[in-house]
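Reader: I would like a close look at one part of this model, with the residues named. Please keep the answer plain.

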Protein chains: 2
Amino acid sequence: MTGATTSGELRSHNLARLLRAAHDEAGRATRSELTRGLGLARGTAAVLVAELTEARLAEERPAPQRARGRPTAILGPHPGGPLTLAVDLREDAWTIATAEIGGALTVREERPHPGNPPETVLSGLATAIGRHLTDLGPRVVGVGVALPGPVRDGRVVDIPHLSWRDVPAAEILRAGAAPVTLGNDATLAGLAEARRGALRGVAVGLHFHVDFDLGGTLLVDGSPLHGARGTTGEFGHMPLGGSDLPCDCGAVGCWSLQVGANALLRAMGVPVEPARGRDDALRILAGAAAGDARHGAALDEVARAFGAGTAALVNALDPQRVTLSGLGVRLREQAADAFATAYEAGLMAFRRDDPPPVLPAALGGDATLVGAAELAFDAFLTPEGLTAWQAAR
Amino acid sequence: MTGATTSGELRSHNLARLLRAAHDEAGRATRSELTRGLGLARGTAAVLVAELTEARLAEERPAPQRARGRPTAILGPHPGGPLTLAVDLREDAWTIATAEIGGALTVREERPHPGNPPETVLSGLATAIGRHLTDLGPRVVGVGVALPGPVRDGRVVDIPHLSWRDVPAAEILRAGAAPVTLGNDATLAGLAEARRGALRGVAVGLHFHVDFDLGGTLLVDGSPLHGARGTTGEFGHMPLGGSDLPCDCGAVGCWSLQVGANALLRAMGVPVEPARGRDDALRILAGAAAGDARHGAALDEVARAFGAGTAALVNALDPQRVTLSGLGVRLREQAADAFATAYEAGLMAFRRDDPPPVLPAALGGDATLVGAAELAFDAFLTPEGLTAWQAAR
DNA sequence: TCCATTATGTTCTCGGCGAGAGCAAATTGG
DNA sequence: CCAATTTGCTCTCGCCGAGAACATAATGGA
């Protein structure tokens with residue numbers, strides 16, 4: 001959506017702008033607010049709303065009156081309007097949900113899976129997606145899938161602890177007419193924060209998701225930085241801590257060896273088995289919270305590494321705000337002093353007078369699904385997407 | 001320039017698109033190429049070209065005939081057209097040049113300066129800028145200034161080895177009607193590469209400039225990532241090397257302590273004095289080139305740190321290409337093996353099959369001036385900028 | 001040398017779009 | 001109950017780019 005060039009494109013661009021704005025406002029904005037916000041004439045807005053309604057893209061419903069004057073209406077989703085399928089594939093289970101314009105989610109199915117081999121897991125998921133697509137019919141305009149590893153050109157590049165390697169996920173998940181878009185789970189969690197969470201309206205935001213690994217994304221004007229091939233955000237694989245441990249990723253001394261579930265075990269001197277330590281990590285956190293000194297020391301060590309690395313990335317990328325999800329929230333909350341001290345010490349002096357705040361993500365466990373839905377809507381809420389929808393009926 | 005919304009805005013947006021395209025093509029593109037490239041109708045292009053000519057924004061001149069058919073013309077700068085002033089303030093001297101549409105530079109003045117106090121240096125520069133502005137008259141539409149340190153909200157935040165600290169440079173340099181825009185020199189060198197150098201057409205590029213310090217910028221779609229307050233690109237101030245030396249910036253273990261002029265001295269065991277070692281560093285490079293083993297070892301050490309850190313940032317940011325300027329070019333060329341080995345070892349395994357190439361910058365010493373000129377033109381080559389120009393005559 | 005071919009510039013008409021004005025409608029609050 | 005207020009609706013107007021038809025200016029082969 002680079003902007004209209006011809007007078008004929010104006011209409012479709014403005015249509016997309018209006019529907020996008022209604023979507024971004026989560027179906028809470030009134031027509032008059034949207035009109036003002038987009039700088040449209042009232043007459044133009046009337047035409048656009050009529051066209052959206054006619055095309056079953058959106059619908060007006062009465063708004064609670066707030067002040068004097070003729071009442072206006074809220075522009076929200078149409079009961080027969082477009083849906084996206086949001087899919088969250090985790091290491092041991094997946095969830096399928098629908099999202100409507102405005103972003104409201106409805107979970108439709110949730111199932112455990114064996115984890116391996118990837119082809120089995122993905123084709124099982126593909127079957128389920130196909131079933132929902134059939135149920136929902138042509139209302140589904142796209143499928144967004146969150147995957148727990150880096151995604152490049154539609155392929156899952158590498159999930160060491162599941163031993164997935166270069167899996168052609170997009171191909172296996174291809175689903176009828178609806179386009180399937182893949183994204184990394186940490187990236188999509190960040191995207192969700194940027195659209196509907198703690199990074200809303202932030203020009204440059206940095207999001208970290210901590211689990212076994214540490215992933216994240218840089219959000220510029222509400223969208224994740226995509227990189228050359230879609231694998232930006234592997235902040236965990238920079239040698240930020242001066243360690244010399246070899247990492248599953250193939251490099252050495254990666255930051256994510258010092259921050260995350262396994263890092264907690266390592267700090268406790270407990271042997272680390274691939275993808276098995278999440279419960280142990282939570283026990284360490286619980287122990288630290290209960291006052292156990294050894295647990296507390298391990299937690300502090302990890303929190304220090306987390307704070308120091310965060311500072312490094314803040315130095316380099318100058319975000320306005322940093323958000324955390326996954327284990328990162330508790331790491332930082334339970335060892336607030338250790339984190340804050342390391343964070344401040346790692347900042348360049350000139351950043352210390354007004355450092356970017358580090359905040360927990362506002363969206364809870366749904367973040368990844370929300371992000372997956374946004375990913376799919378991003379491809380639809382364009383002049384081309386809406387024109388295709390209108391042409392199809 | 002977010003795109004036209006009303007039919008009245010179409011004209012000015014297309015005018016700006018056309019002039020921007022002519023500028024980006026360095027005054028080499030013909031009208032027919034531009035028309036095709038922008039997807040304009042021939043009739044529309046005729047009107048736009050007439051308007052550009054009429055407004056003295058651009059001018060057509062005959063193009064060498066290449067094939068059969070009616071000849072077309074090259075759309076290039078107008079002899080009375082807009083100019084920007086490009087200023088490069090270095091640690092010991094400054095340069096003032098003009099740039100016209102298409103980017104051609106003409107150096108107008110070059111002078112050494114004492115370095116301190118900053119107010120004296122800057123007001124001397126301001127006087128010179130004012131003189132050139134008076135000479136050139138209203139053709140100058142903006143002034144872009146490159147500064148050798150981080151810039152935030154128009155202030156030079158911190159240049160430790162010059163002991164500049166929070167200097168209100170924009171205020172001191174304010175120059176009549178022409179807007180003054182400041183930028184970091186490494187950022188602007190990267191911008192120049194993105195527009196007219198080795199990062200041309202690259203969706204995501206990473207540029208490093210190495211001198212005493214290591215700075216850089218991430219270029220997304222031809223523009224530097226700006227960050228929340230304009231201080232992105234301080235990649236040198238991440239602890240990528242596991243050192244525990246304190247850095248002038250206030251943090252510890254910064255990468256730029258291991259890569260740059262001072263790092264070479266340090267690797268040789270030579271005492272480091274602030275801002276004094278550039279010649280010594282060049283001597284070390286020359287010695288290494290001549291085959292001296294101790295010099296070679298120091299160079300290798302620095303090149304390894306450079307390669308490893310580059311890999312870390314490639315992991316995190318997924319650029320399509322990496323470019324180097326300043327000392328970085330020789331560091332990498334003279335110790336190509338050390339760099340390459342460390343670079344590859346630092347990459348995540350899945351990036352090794354097709355790692356982003358690391359290339360020397362294509363623009364030589366002019367890069368910073370070119371970038372400063374682009375910075376100023378970016379503010380002008382917009383619908384608003386052109387409308388103001390047209391209104392002023 | 002000449003003319004068919006080719007590519008591009010020029011001009012004009014046409015359809016479409018948003019701005020904006022004027023009016024209608026619907027609510028509030030004194 | 002009515003003035004004030006805000007918004008929706010409708011219609012006209014000016015402007016813009018598309019596209020067609022035509023004009024123009026070069027090439028290159030016969």
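Predicted model: local features only at pLDDT ≥ 70, side-chain atom pairs only at ≥ 80, totals over all residues.

How many bridges join strand 14 of chain A to strand 15 of chain A, and do the two run parallel or antiparallel?

Author: Strand 14 of chain A and strand 15 (residues 358-360) of chain A run parallel, and three bridges join them. Within this pairing, A:Leu359 in strand 15 is the residue opposite A:Thr323.

Strand 14, which covers residues 321-326 of chain A, also pairs with strand 11 (residues 204-210) of chain A. That pairing is parallel too and has six bridges. Here A:Thr323 of strand 14 stands opposite A:His207.

Next come the aromatic rings. The count over all chains is 14 aromatic pairs. One of them is formed by A:Trp255 and A:Phe306, whose ring centres are 6.2 Å apart and whose planes make an angle of 45°. The pair counts as tilted. A:Trp255 lies in the loop between strand 13 (223-224) and helix 7 (261-268) of chain A, while A:Phe306 lies in helix 9 (residues 293-317) of chain A. The two are 51 residues apart, so the pair links distant parts of the chain. Both A:Trp255 and A:Phe306 are buried. Ring pairs also join these two with A:Phe208, A:Phe235, A:Phe339 and A:Tyr343 in a cluster.

Helix 1 (7-24) of chain B and helix 3 (42-54) of chain B each supply at least two residues, as do helix 2 (31-38) and helix 3 (42-54) of chain A. Helix 1 of chain B gives the most, with four residues.

Of the atoms of DNA strand D within 4 Å of the protein, 68% belong to sugar or phosphate, and the rest belong to bases. In chain B, a side-chain N or O atom of B:Thr44 is 2.9 Å from one, and a backbone N or O atom of B:Ala41 is 3.0 Å from one. In chain A, a side-chain N or O atom of A:Arg36 lies 3.5 Å from a phosphate oxygen.

Methods. Residues numbered from 1 in each chain as written. Chains lettered and ligands numbered in written order. Heavy atoms only, no water. Near = heavy atom within 4 Å. Polar contact = N/O pair within 3.5 Å; in protein donor to acceptor, adjacent residues only side chain to side chain. Phe/Tyr/Trp six-rings, centres within 6.5 Å; stacked < 30°, edge-to-face > 60°. Buried < 20%, exposed > 50% of the residue type's maximum accessible area, 1.4 Å probe, protein only. Pairing = 2+ DSSP bridges.
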